[in-house]
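Please examine the protein shown below.

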Amino acid sequence: MKFTTICALLVAAVVGSPTPNPPPNVPSNMRRTQRIPLNSRSNAANSSKVFDPMTVWQQLDFVHRKYSATMVANQRNTGSPHPWSSRFHIRSVAKRNGNVPLVNYDADLWYGEIGVGTPPKPFTVVFDTGSTDLFLPSTQCEVTCDGHTRYDPAASSSAQDSGQPFMLMYGAGETAGEEYVDDVFVGGYEAKDQTVGAAWLYSLEFSKNRSFPPDSLSGLAFPEISEFEGTPLFQTLNDSSELPQSVFGFKLSTTPGDSEMVIGGTNTYLYHSDTLTYVPVTERLLAGRGG
(Lines give C-alpha, C1' and ligand atoms only; values in the text may rest on other atoms or scores of the structure.)
Protein backbone atom coordinates (compact mmCIF):
# COMPACT_ATOMS: atom_id res chain seq x y z
CA MET A 1 0.00 0.00 0.00
CA LYS A 2 1.20 3.57 -0.72
CA PHE A 3 0.42 4.61 2.86
CA THR A 4 2.68 1.85 4.20
CA THR A 5 5.46 2.85 1.81
CA ILE A 6 5.30 6.50 2.84
CA CYS A 7 5.34 5.58 6.52
CA ALA A 8 8.37 3.36 5.90
CA LEU A 9 10.17 6.27 4.25
CA LEU A 10 9.38 8.56 7.16
CA VAL A 11 10.64 5.98 9.67
CA ALA A 12 13.78 5.46 7.60
CA ALA A 13 14.39 9.20 7.55
CA VAL A 14 14.31 9.28 11.35
CA VAL A 15 16.07 6.01 12.16
CA GLY A 16 18.64 6.28 9.38
CA SER A 17 20.20 9.50 10.67
CA PRO A 18 21.28 8.84 14.26
CA THR A 19 23.18 11.47 16.19
CA PRO A 20 26.50 9.95 17.32
CA ASN A 21 27.45 10.08 20.99
CA PRO A 22 30.30 12.47 21.72
CA PRO A 23 33.66 10.76 22.19
CA PRO A 24 34.86 10.29 25.80
CA ASN A 25 36.84 13.03 27.54
CA VAL A 26 35.40 15.69 25.22
CA PRO A 27 33.61 18.49 27.12
CA SER A 28 29.99 19.09 26.20
CA ASN A 29 29.19 22.26 24.30
CA MET A 30 25.44 22.14 24.99
CA ARG A 31 25.59 25.53 26.70
CA ARG A 32 26.77 27.10 23.46
CA THR A 33 24.29 25.22 21.29
CA GLN A 34 21.45 27.23 19.73
CA ARG A 35 18.10 25.42 19.99
CA ILE A 36 15.74 26.07 17.08
CA PRO A 37 12.11 24.99 17.63
CA LEU A 38 10.43 23.28 14.65
CA ASN A 39 6.76 23.65 13.83
CA SER A 40 4.58 21.39 11.71
CA ARG A 41 3.42 23.03 8.49
CA SER A 42 0.07 21.26 8.55
CA ASN A 43 -1.79 18.40 10.16
CA ALA A 44 -4.73 16.12 9.47
CA ALA A 45 -7.25 18.53 10.99
CA ASN A 46 -8.94 21.51 9.45
CA SER A 47 -9.18 24.99 11.01
CA SER A 48 -11.88 23.68 13.38
CA LYS A 49 -9.46 21.00 14.67
CA VAL A 50 -11.69 18.31 13.18
CA PHE A 51 -10.09 15.35 11.38
CA ASP A 52 -10.34 16.07 7.65
CA PRO A 53 -9.91 13.12 5.23
CA MET A 54 -9.34 15.50 2.29
CA THR A 55 -6.39 17.09 4.10
CA VAL A 56 -4.91 13.63 4.64
CA TRP A 57 -5.26 12.70 0.96
CA GLN A 58 -3.71 16.00 -0.15
CA GLN A 59 -0.76 15.42 2.20
CA LEU A 60 -0.32 11.85 0.98
CA ASP A 61 -0.40 13.09 -2.60
CA PHE A 62 2.24 15.71 -1.78
CA VAL A 63 4.54 13.14 -0.14
CA HIS A 64 4.01 10.68 -3.01
CA ARG A 65 4.92 13.30 -5.64
CA LYS A 66 7.91 14.43 -3.59
CA TYR A 67 9.46 10.96 -3.34
CA SER A 68 8.48 10.13 -6.94
CA ALA A 69 10.57 13.10 -8.07
CA THR A 70 13.42 11.85 -5.88
CA MET A 71 13.27 8.41 -7.54
CA VAL A 72 13.29 9.97 -11.01
CA ALA A 73 16.31 12.14 -10.14
CA ASN A 74 18.13 9.09 -8.73
CA GLN A 75 17.55 7.15 -11.95
CA ARG A 76 18.66 10.07 -14.12
CA ASN A 77 21.86 10.63 -12.13
CA THR A 78 22.86 7.00 -11.55
CA GLY A 79 21.57 5.40 -14.74
CA SER A 80 19.59 2.73 -12.86
CA PRO A 81 16.28 2.69 -10.97
CA HIS A 82 16.20 3.13 -7.21
CA PRO A 83 15.34 -0.16 -5.41
CA TRP A 84 12.10 1.41 -4.15
CA SER A 85 11.08 3.05 -7.45
CA SER A 86 8.59 0.27 -8.29
CA ARG A 87 6.56 1.25 -5.22
CA PHE A 88 6.01 4.70 -6.71
CA HIS A 89 5.08 3.56 -10.23
CA ILE A 90 8.12 5.34 -11.68
CA ARG A 91 8.48 4.93 -15.43
CA SER A 92 11.76 5.05 -17.27
CA VAL A 93 13.03 8.62 -17.57
CA ALA A 94 13.31 8.20 -21.34
CA LYS A 95 9.57 7.46 -21.56
CA ARG A 96 8.52 10.56 -19.64
CA ASN A 97 8.77 12.97 -22.56
CA GLY A 98 5.29 14.37 -23.09
CA ASN A 99 4.07 13.10 -19.71
CA VAL A 100 2.52 15.60 -17.31
CA PRO A 101 1.60 14.23 -13.85
CA LEU A 102 -1.78 15.48 -12.66
CA VAL A 103 -3.00 16.22 -9.15
CA ASN A 104 -6.58 15.38 -8.24
CA TYR A 105 -8.59 17.81 -6.16
CA ASP A 106 -11.87 16.56 -4.68
CA ALA A 107 -12.52 14.27 -7.71
CA ASP A 108 -13.48 17.43 -9.60
CA LEU A 109 -10.27 19.11 -10.80
CA TRP A 110 -7.10 17.55 -12.21
CA TYR A 111 -4.24 19.93 -12.74
CA GLY A 112 -0.58 19.81 -13.74
CA GLU A 113 2.47 22.00 -14.15
CA ILE A 114 3.65 24.16 -17.03
CA GLY A 115 6.58 26.56 -17.30
CA VAL A 116 6.17 30.08 -18.69
CA GLY A 117 8.76 32.65 -19.69
CA THR A 118 12.54 32.93 -19.85
CA PRO A 119 13.71 31.68 -17.45
CA PRO A 120 10.67 29.39 -17.11
CA LYS A 121 8.52 29.95 -14.04
CA PRO A 122 6.30 27.05 -12.89
CA PHE A 123 2.51 27.40 -12.75
CA THR A 124 -0.22 24.87 -12.09
CA VAL A 125 -3.12 24.79 -14.55
CA VAL A 126 -6.27 22.84 -15.21
CA PHE A 127 -6.01 21.34 -18.72
CA ASP A 128 -9.51 22.04 -20.02
CA THR A 129 -10.80 20.31 -23.16
CA GLY A 130 -13.89 22.54 -23.24
CA SER A 131 -12.05 25.84 -23.80
CA THR A 132 -9.08 27.08 -25.79
CA ASP A 133 -7.19 29.91 -24.11
CA LEU A 134 -4.37 30.01 -21.54
CA PHE A 135 -4.43 32.66 -18.84
CA LEU A 136 -2.36 33.27 -15.69
CA PRO A 137 -2.83 35.53 -12.67
CA SER A 138 -0.56 38.54 -13.22
CA THR A 139 1.28 40.66 -10.69
CA GLN A 140 -1.45 43.27 -11.21
CA CYS A 141 -4.11 40.93 -9.85
CA GLU A 142 -4.89 41.67 -6.22
CA VAL A 143 -7.03 40.01 -3.55
CA THR A 144 -8.77 37.32 -5.62
CA CYS A 145 -5.37 36.05 -6.81
CA ASP A 146 -3.97 35.67 -3.30
CA GLY A 147 -2.26 32.31 -2.83
CA HIS A 148 -1.70 31.81 -6.57
CA THR A 149 1.67 32.13 -8.29
CA ARG A 150 1.60 35.36 -10.27
CA TYR A 151 2.96 35.92 -13.77
CA ASP A 152 5.27 38.91 -14.23
CA PRO A 153 5.94 39.63 -17.93
CA ALA A 154 8.69 42.07 -16.97
CA ALA A 155 10.64 39.17 -15.39
CA SER A 156 10.64 37.17 -18.66
CA SER A 157 13.05 38.13 -21.44
CA SER A 158 10.83 36.39 -24.03
CA ALA A 159 7.56 38.15 -23.06
CA GLN A 160 6.02 40.59 -25.51
CA ASP A 161 2.95 42.74 -24.88
CA SER A 162 0.35 42.21 -27.60
CA GLY A 163 -1.59 45.27 -26.47
CA GLN A 164 -4.87 43.35 -26.67
CA PRO A 165 -7.27 43.32 -23.70
CA PHE A 166 -9.27 40.16 -23.07
CA MET A 167 -12.22 38.94 -21.07
CA LEU A 168 -13.01 35.25 -20.67
CA MET A 169 -16.27 33.88 -19.30
CA TYR A 170 -16.68 30.25 -18.23
CA GLY A 171 -19.47 28.09 -16.90
CA ALA A 172 -18.10 28.96 -13.46
CA GLY A 173 -15.92 32.04 -13.23
CA GLU A 174 -14.54 34.83 -15.37
CA THR A 175 -11.26 36.67 -15.81
CA ALA A 176 -9.93 39.73 -17.62
CA GLY A 177 -6.54 41.19 -18.44
CA GLU A 178 -4.12 41.74 -21.29
CA GLU A 179 -2.67 39.38 -23.89
CA TYR A 180 1.05 38.68 -24.04
CA VAL A 181 3.24 36.41 -26.17
CA ASP A 182 5.74 34.25 -24.29
CA ASP A 183 7.36 30.82 -24.35
CA VAL A 184 5.45 27.99 -22.64
CA PHE A 185 6.88 24.60 -21.63
CA VAL A 186 4.77 21.50 -21.02
CA GLY A 187 5.65 17.80 -20.96
CA GLY A 188 9.18 18.44 -22.23
CA TYR A 189 7.99 20.44 -25.26
CA GLU A 190 8.27 24.15 -25.94
CA ALA A 191 5.51 26.32 -27.41
CA LYS A 192 7.37 29.40 -28.64
CA ASP A 193 5.57 32.72 -28.93
CA GLN A 194 2.46 31.36 -27.25
CA THR A 195 -0.39 33.75 -26.50
CA VAL A 196 -0.89 34.03 -22.74
CA GLY A 197 -3.51 36.08 -20.94
CA ALA A 198 -2.01 38.05 -18.03
CA ALA A 199 -5.07 38.44 -15.82
CA TRP A 200 -5.51 41.42 -13.56
CA LEU A 201 -8.96 40.22 -12.46
CA TYR A 202 -10.12 36.85 -11.10
CA SER A 203 -13.72 36.22 -10.14
CA LEU A 204 -14.31 34.49 -6.80
CA GLU A 205 -14.70 31.10 -8.53
CA PHE A 206 -10.97 31.20 -9.38
CA SER A 207 -9.97 32.20 -5.85
CA LYS A 208 -7.78 29.73 -4.00
CA ASN A 209 -9.94 30.32 -0.93
CA ARG A 210 -12.95 29.15 -2.95
CA SER A 211 -11.64 25.66 -3.73
CA PHE A 212 -9.58 26.43 -6.84
CA PRO A 213 -6.05 25.23 -5.90
CA PRO A 214 -4.36 25.58 -9.34
CA ASP A 215 -3.07 28.93 -10.51
CA SER A 216 -5.03 29.06 -13.74
CA LEU A 217 -6.49 27.20 -16.70
CA SER A 218 -5.15 26.12 -20.09
CA GLY A 219 -7.63 25.27 -22.83
CA LEU A 220 -6.92 22.43 -25.27
CA ALA A 221 -9.89 22.83 -27.60
CA PHE A 222 -10.07 24.07 -31.21
CA PRO A 223 -8.84 27.51 -32.39
CA GLU A 224 -12.32 28.32 -33.68
CA ILE A 225 -13.62 29.06 -30.17
CA SER A 226 -10.61 31.08 -28.97
CA GLU A 227 -11.12 34.61 -27.66
CA PHE A 228 -7.42 35.40 -28.17
CA GLU A 229 -5.78 36.70 -31.31
CA GLY A 230 -3.07 34.03 -31.24
CA THR A 231 -2.87 30.25 -31.59
CA PRO A 232 -4.00 27.95 -28.73
CA LEU A 233 -1.36 26.01 -26.79
CA PHE A 234 -1.87 22.55 -28.30
CA GLN A 235 -2.11 24.01 -31.82
CA THR A 236 1.20 25.82 -31.28
CA LEU A 237 2.83 22.58 -30.12
CA ASN A 238 1.38 20.70 -33.07
CA ASP A 239 2.51 23.33 -35.59
CA SER A 240 6.07 23.05 -34.26
CA SER A 241 6.31 19.55 -35.79
CA GLU A 242 7.95 18.31 -32.59
CA LEU A 243 5.05 16.13 -31.41
CA PRO A 244 5.22 12.45 -32.40
CA GLN A 245 1.44 12.48 -32.90
CA SER A 246 -1.19 15.19 -33.11
CA VAL A 247 -3.01 13.83 -30.06
CA PHE A 248 -3.09 14.10 -26.29
CA GLY A 249 -4.42 11.65 -23.74
CA PHE A 250 -5.59 11.67 -20.13
CA LYS A 251 -5.77 9.22 -17.27
CA LEU A 252 -7.89 10.59 -14.42
CA SER A 253 -7.92 8.84 -11.06
CA THR A 254 -8.70 9.65 -7.44
CA THR A 255 -5.65 7.64 -6.35
CA PRO A 256 -2.80 10.03 -5.47
CA GLY A 257 -0.02 10.03 -8.06
CA ASP A 258 -2.00 7.95 -10.56
CA SER A 259 -3.31 10.63 -12.97
CA GLU A 260 -1.52 11.97 -16.03
CA MET A 261 -1.76 13.83 -19.31
CA VAL A 262 0.35 12.79 -22.28
CA ILE A 263 1.16 15.39 -24.96
CA GLY A 264 1.92 14.06 -28.42
CA GLY A 265 0.68 10.54 -27.77
CA THR A 266 -1.15 8.29 -25.34
CA ASN A 267 -0.15 5.83 -22.64
CA THR A 268 -0.64 2.57 -24.52
CA TYR A 269 -0.23 0.56 -21.32
CA LEU A 270 -3.66 1.76 -20.23
CA TYR A 271 -5.78 0.38 -23.08
CA HIS A 272 -5.93 -2.07 -25.99
CA SER A 273 -5.54 -0.07 -29.20
CA ASP A 274 -7.37 -2.66 -31.31
CA THR A 275 -10.55 -2.08 -29.28
CA LEU A 276 -10.85 1.62 -30.19
CA THR A 277 -13.15 3.07 -32.82
CA TYR A 278 -12.11 6.41 -34.32
CA VAL A 279 -14.76 8.90 -35.41
CA PRO A 280 -13.81 11.89 -37.60
CA VAL A 281 -14.63 15.40 -36.38
CA THR A 282 -17.04 16.97 -38.87
CA GLU A 283 -17.53 20.37 -37.22
CA ARG A 284 -15.02 21.97 -34.89
CA LEU A 285 -17.58 23.87 -32.83
CA LEU A 286 -18.59 23.91 -29.19
CA ALA A 287 -21.75 25.33 -27.68
CA GLY A 288 -20.23 26.59 -24.42
CA ARG A 289 -17.08 26.89 -22.39
CA GLY A 290 -15.76 24.54 -19.79
CA GLY A 291 -14.22 25.61 -16.51
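The following questions and answers consider these topics in turn.

Q: How many helices and strands are there in the protein?
A: This is a predicted model, in which local features need pLDDT of at least 70 and side-chain atom pairs count only at pLDDT 80 or more, while totals for chains, interfaces and linings use all residues. Residues are numbered from 1 along each chain as its sequence is written, and side-chain values use heavy atoms, with hydrogens and water left out. Helices (H or I, at least four residues) and strands (E, at least two) are DSSP runs, numbered from the N terminus. In the order α-α-β-β-β-β-β-β-β-β-α-β-β from the N terminus on, the protein has three helices and ten strands.

Q: What percentage of the residues in the protein is buried?
A: A residue is buried under 20% relative accessible area, exposed over 50% and partly exposed in between, as judged with a 1.4 Å probe on protein chains only. Of the 291 residues in the protein, the buried share is 38%.

Q: Which residues have the most contacts inside the largest nonpolar core?
A: In soluble globular proteins, nonpolar side chains tend to be buried together. A nonpolar core is a set of buried Ala, Val, Leu, Ile, Met, Phe, Trp, Tyr and Cys residues joined through side-chain atoms within 4.5 Å. The largest such core has 25 residues, and those with the most contacts inside it are Ile114 and Phe127.

Q: Which element gives the most residues to this core?
A: Among the elements that give two or more residues to the core are strand E1 (99–105), strand E2 (109–116), strand E3 (121–128), strand E7 (189–202) and helix H3 (233–239). With four residues, the element that gives the most is E7.

Q: Where does tryptophan 110 lie?
A: Contact means heavy atoms within 4.5 Å. Leaving aside neighbours within four places in sequence, the contacts of tryptophan 110 include Leu102, Phe127 and Leu252. Its relative accessible area is 18%, so tryptophan 110 is buried. The residue is found in strand E2.

Q: Why is the pair of phenylalanine 234 and phenylalanine 248 classed as it is?
A: The pair links phenylalanine 234 in helix H3 with phenylalanine 248 in strand E9 (residues 248–251), 14 residues apart. Phenylalanine 234 counts as buried at 11% relative accessibility, whereas phenylalanine 248 is partly exposed at 25%. Because the ring centres are 5.0 Å apart and the planes lie at 75 degrees, the pair is edge-to-face.

Q: What is the volume of the largest cavity?
A: On a 1 Å grid over the protein atoms alone, a cavity is a set of points where a 1.4 Å probe fits but cannot get out, and lining residues have an atom within 4 Å of a point. Grid points are joined across faces, edges and corners, and a volume is the space filled by probe spheres set on the points. A search of the whole structure finds one cavity of 30 Å³ or more. Including Thr132, Phe228 and Leu233 in its lining, the largest cavity has a volume of about 40 Å³.

Q: Which residues does the cis peptide bond join?
A: Most residues other than glycine have a negative phi, and most peptide bonds are trans. Proline 119 lies in the loop between E2 and E3. With omega at about 0 degrees, the cis bond joins threonine 118 and proline 119.

Q: What is the phi of aspartate 193?
A: Aspartate 193 has its place in strand E7. It is partly exposed, with a relative accessible area of 47%. Although aspartate 193 is not a glycine, its phi is positive, at about 55 degrees.

Definitions and conventions. Phe/Tyr/Trp six-rings, centres within 6.5 Å; stacked < 30°, edge-to-face > 60°. 1 Å grid on protein atoms, 1.4 Å probe; cavity = no way out; pocket = protein on both sides within 12 Å on 5 of 7 lines; lining within 4 Å.
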